[in-house]
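Here's a quick walk through a protein model, from the overall build down to a few side chains. Have the structure open as you read.

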Amino acid sequence: MRLRIVQWTTGNVGRQSVTAIADNPGLELVGCYAWSPDKVGRDVGELCGLGPLDVTATNDVDALLALRPDCVVYNPMWPSIDELVRILEAGVNVVSTAAFINGRRLGPDRTRLVEACERGGSSLFGTGISPGFVELLSIVVAGICDRIDKVTVSEAAHTAGYDSPETEKLAGFGRPIDDPALQKMTAEGTAVFGEAVAMVADALGVELDDIVCEAEYAKTTTDLDLGSWQIAAGCVAGIAASWQGRIGDRIVVELNVRWKKAPTLEPDWKIEDGHVIEVQGRPTVRTTLQYLPPPDFEAKSLADFMALGHIMTAMPAINAIPAVVAAPPGIVSYPDLPLPLPRGLVRL
């Protein structure tokens, strides 16, 4: 029997989720929440560039919950605790890509989510490509060691084509390079990586004394036009943040990001896009991830090419749906689940 799915929003990631759900023989799209009024009443397939799917987008949450879906695929840019509580306490499981791994940083709001899961008998799971799936890979890689000294995941990306001022400004992009608030902004704007540090530590079976963020910055030497916003010369166009899980004065888990929005920075960072996972131990293991288009991929614009990133963000959540539906109530993360399997994706 197919699992009944409600899609929550049809933005960049949501469109890829809809495509994956529609193509998966184990899933059935039964409803869709539309945040924008102009999308309400329209066929979800047409909203996502597909043929008609005979599912109409709505902003009626009660009507969607009345469908008794097995799972909501939750893809807004930022999570709404009120929305999630409403879904979970109605008995509907959630897989999310909205800046959520395990909610460790949320304080009382995390308690609200846990209590909603308990009332509804539902589970909440957060992932994405990074943080999320790449940290799962680091856990898998560490499984061949008989001693683990440190797990490091490093992300590097040229992000000029990533036009998302709502997320990037919060991390400090566009601020004067000498702004004293930068460290605090970066720690708050990238805090979900701290949750991922805690997740890896959980998988290793260690209790961290502290999780801290340290950051450094680079400025653009010219004015940047990024489409929907601009960064003036002399302002932050490069951010390198390091989230560190420490036991005493020793770093046990480290998640690093280095994002570069300008072709030339000061200092001028040289980076290669992708992820590097290194597990220091016996043996020390190092693996590099690069993301390439398939031979039949057609991109007429940079926006078209960015669809690959949206696919990589969406699919870890989609593939986890069966495991999350079967999980006991509560907030769950990768260490709590069997390995999600990419079933229903082979095209013959």
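## Overall build

The protein chain has 348 residues, and a compact globule of that length would have a radius of gyration near 20 Å; the chain comes out at 20 Å, so the two agree. That radius is taken over C-alpha atoms, and the globule rule is 2.2 Å times the number of residues to the power 0.38. Along the principal axes, the C-alpha atoms fill a box of roughly 55 × 50 × 45 Å.

A word on the ground rules: this is a predicted model, so local features need pLDDT of at least 70 and side-chain atom pairs count only at pLDDT 80 or more, while totals for chains, interfaces and linings use all residues. Residues are numbered from 1 along each chain as its sequence is written, and side-chain values use heavy atoms, with hydrogens and water left out.

## Fold and surface

The protein chain holds 11 helices and 16 strands. These are DSSP runs numbered from the N terminus (helices are H or I, at least four residues; strands are E, at least two). Take the contacts (heavy atoms within 4.5 Å) with a separation of 6 or more: 69% of them are between residues 24 or more positions apart.

Buried residues make up 50% of the 348. Here buried means under 20% relative accessible area, exposed means over 50%, and partly exposed is in between (1.4 Å probe, protein chains only). The accessible surface of the chain is about 16300 Å², with 53% of that belonging to carbon and sulfur atoms; areas come from the Shrake-Rupley method with a 1.4 Å probe.

## Charges and salt bridges

On the charge side, there are 29 positive and 45 negative side chains, and the centres of the two sets lie 2 Å apart. Lys and Arg count as positive, Asp and Glu as negative, and His and the chain ends are not counted. Each charge is placed at NZ of Lys, CZ of Arg, CG of Asp or CD of Glu.

Side chains of opposite charge can pair when their charged atoms come close. How many salt bridges are there? The count is 19, with a salt bridge being a side-chain nitrogen of Lys or Arg within 4 Å of a carboxyl oxygen of Asp or Glu.

Start with Arg119 and Glu89, whose side chains meet in a salt bridge at 2.8 Å, N to O. Arg119 is in helix H5 (residues 108-120) and Glu89 in helix H4 (residues 81-89), so this pair ties together parts 30 residues apart in sequence. Arg119 is exposed at 52% relative accessibility, whereas Glu89 is partly exposed at 37%.

Asp109 and Arg112 both sit in helix H5, three residues apart, about one turn of the helix. Their closest N and O atoms are 3.7 Å apart in a salt bridge. Then there's Arg175 with Asp179, at 2.9 Å between the closest N and O atoms; Arg175 is partly exposed at 37% and Asp179 is buried at 14%. Elsewhere, salt bridges that share partners join Asp82, Asp109 and Arg112 into one network.

## Two more residues

Is Thr167 buried or exposed? Thr167 is buried, at 15% relative accessibility. Thr167 lies in helix H7 (residues 165-171) and, leaving aside neighbours within four places in sequence, is in contact with Met77, Trp78 and Tyr162.

Glu298 is in the loop between strand S15 (285-289) and helix H10 (302-305), and is exposed at 67% relative accessible area.
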